Amino acid sequence: MDDYVTGVLTNIGLFSFLALSAYLLLIAGEMSFGQQAFFGVGAYSGGILTAIYGLPLPVAALVAMLLGSLCAFLVGLPTLRLRGLYFAMATLAAAEMARILFELFRFQRQIGGELVGPDGTQGFRGIRWVFERGVEPAGYLALVWGLLLIALVVFLLMERSRLGATLRAIGEDPDLARSCGISVERFKLGVAAAAGALAALGGVLFAHHNTYIEPRNFDIMLGVHSLAYALIGGLGTAFGPLLGVMVDLGVLEGSRVFQGYRMIAFGGLVAILLIFRPRGLLDEKVVHWLRARFS
Amino acid sequence: MAKSALFLILALASLPASAQRAQAELACTPSNTDFAYHCVVRLSRGGQPLPGADVSVGADMPSMPMAHNVRPVKAKPGKAPGEYQARLDLEMLGEWAVKLRLRGPVNDQLILHYDFDEKGARPVIRSGRLPRK
């Protein structure tokens with residue numbers, strides 16, 4: 001497998017964490033345009049912990065997930081009081097605030113005669129933990145997909161459990177769920193925190209794959225794509241967002257023949273897809289049909 | 001299983017980091033094809049040229065790393081020690097984060113920010129400072 005294929009597969013794995021994060025909120029009935037902020041929190045905090053404090057990547061990833069979860073909880077406290085479009089706008093505003101904070105954030109230390117750490121708009125270079133440990137791209141790909149597999153198994157178990165049914169009930173009709181005695185607000189805060197942790201994990205892995213991050217990496221484009229992944233792939237199963245990332249990156253890579261115009265071709269394809277499949281390729285009907293056929 | 005995973009994590013964590021890091025400079029001239037550039041990468045370590053490296057050159061647009069990126073190409077050794085040549089086929093003019101993947105005497109990845117225009121490529125200046133290599 002050459003570097004290009006390994007890189008594309010690694011990117012699919014990395015952005016699947018973000019897609020799953022958006023998907024988790026979508027099945028709870030909330031459309032967030034701000035998951036890229038927690039991806040960024042994970043990337044910056046994980047990078048600081050390995051590059052400046054010399055912590056191992058697994059420890060840094062755990063701390064970054066906790067931080068991502070905490071930030072998502074704090075953002076969720078005021079924003080989850082809002083509904084529909086207002087919630088979407090509030091999450092977008094929160095994510096832009098986070099991106100601007102990354103632009104103002106400077107925290108550099110001398111490491112081996114070199115200044116390392118976030119330097120505002122100049123970005124954060126030297127997140128080299130993976131390269132310094134001699135981890136090859138194929139090894140990192142295996143790590144990313146191994147963690148993604150664990151996340152997918154947790155999702156599938158959750159979806160078959162009472163918790164999954166409760167989340168879908170909240171997503172379908174929060175008032176009906178509330179009348180059944182479900183604490184909708186508490187559940188949604190929990191979902192927001194879990195989605196933040198998942199996005200942060202993706203961010204840590206992204207930063208260590210790239211070795212360099214900057215505030216622009218976490219702008220609105222990433223938020224729109226993360227929602228698009230879940231909506232293209234489908235809301236019927238956790239495999240949907242993964243399929244969405246594969247379609248998104250696959251179409252983008254496959255449309256290189258259009259050169260500079262390929263984003264226009266890509267946008268058109270997404271529009272057509274969503275007209276004919278408004279709840280994505282793997283929507284609830286398809287998943288139900290597949291389960292009935294194969295179980 | 002859990003013990004093996006823990007052992008692997010601790011073993012990876014305890015490996016030493018490389019002492020001296022590679023540095024890179026880029027010089028690009030436009031080719032006859034739109035958005036295509038002939039580039040020369042100059043690699044050094046500790047102030048000395050770094051020959052014999054296996055270098056692949058790719059590029060991303062910082063604000064759209066997934067949407068606009070360049071398939072990495074292998075660089076060929078150039079005329080002088082530590083020099084490597086590659087052709088970069090970009091999708092548009094503007095700021096690109098050139099990604100150098102190094103193997104051989106050094107295992108690293110360097111990111112260089114350059115502004116590509118009709119005349120060639122210049123290092124990006126933000127807030128009056130050049131980004132470090």
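Helix α2(A) passes helix α10(A) in a right-handed crossing, meaning that the near helix is turned clockwise from the far one by less than a right angle. This is a predicted model, in which local features need pLDDT of at least 70, side-chain atom pairs count only at pLDDT 80 or more, and totals for chains, interfaces and linings use all residues. Residues are numbered from 1 along each chain as its sequence is written, while chains are lettered from A and ligands numbered from 1 in the order in which they are written.

**Helix pair in chain A**
- The axes of α2 (residues 35-51) and α10 (residues 220-233) of chain A come within 8 Å and cross at roughly 115°.
- The two helices α2(A) and α10(A) are therefore roughly perpendicular (65 to 115 degrees).

**Helix α1 of chain A**
- Helix α1(A) covers residues 3-27, and its 25 residues should span 36 Å at 1.5 Å a residue; the end C-alpha atoms lie 35 Å apart, which agrees.
- A kink of about 25° in α1(A) is centred on A:S16.
- Of the 25 residues of α1(A), 19 are buried (20 or more other C-beta atoms within 10 Å of the residue's own, with C-beta atoms placed from the backbone).
- Just after α1(A), A:G29 has a positive phi of about 90°.

**Hairpin in chain B**
- Strands β1 (residues 22-30) and β2 (residues 36-45) of chain B run antiparallel and are joined by nine bridges (strands pair if DSSP finds at least two bridges between them).
- B:P30 has B:Y37 in β2(B) as its bridge partner.
- Five residues separate β1(B) from β2(B) in this hairpin, and B:F35 in the turn has a positive phi of about 65°.

Conventions
Helices (H or I, at least four residues) and strands (E, at least two) are DSSP runs, numbered from the N terminus. The expected span of a helix is 1.5 Å times one less than its number of residues. The bend at a residue is the angle between axes fitted to the seven residues ending there and the seven starting there. A residue is buried if 20 or more other C-beta atoms lie within 10 Å of its own, exposed if 12 or fewer, and partly exposed in between; C-beta atoms are placed from the backbone. Axes are lines fitted to C-alpha atoms, for helices over the stretch in contact, and angles run from 0 to 180 degrees between N-to-C directions. Angles under 35 degrees count as roughly parallel, over 145 as roughly antiparallel, 65 to 115 as roughly perpendicular and the rest as oblique.
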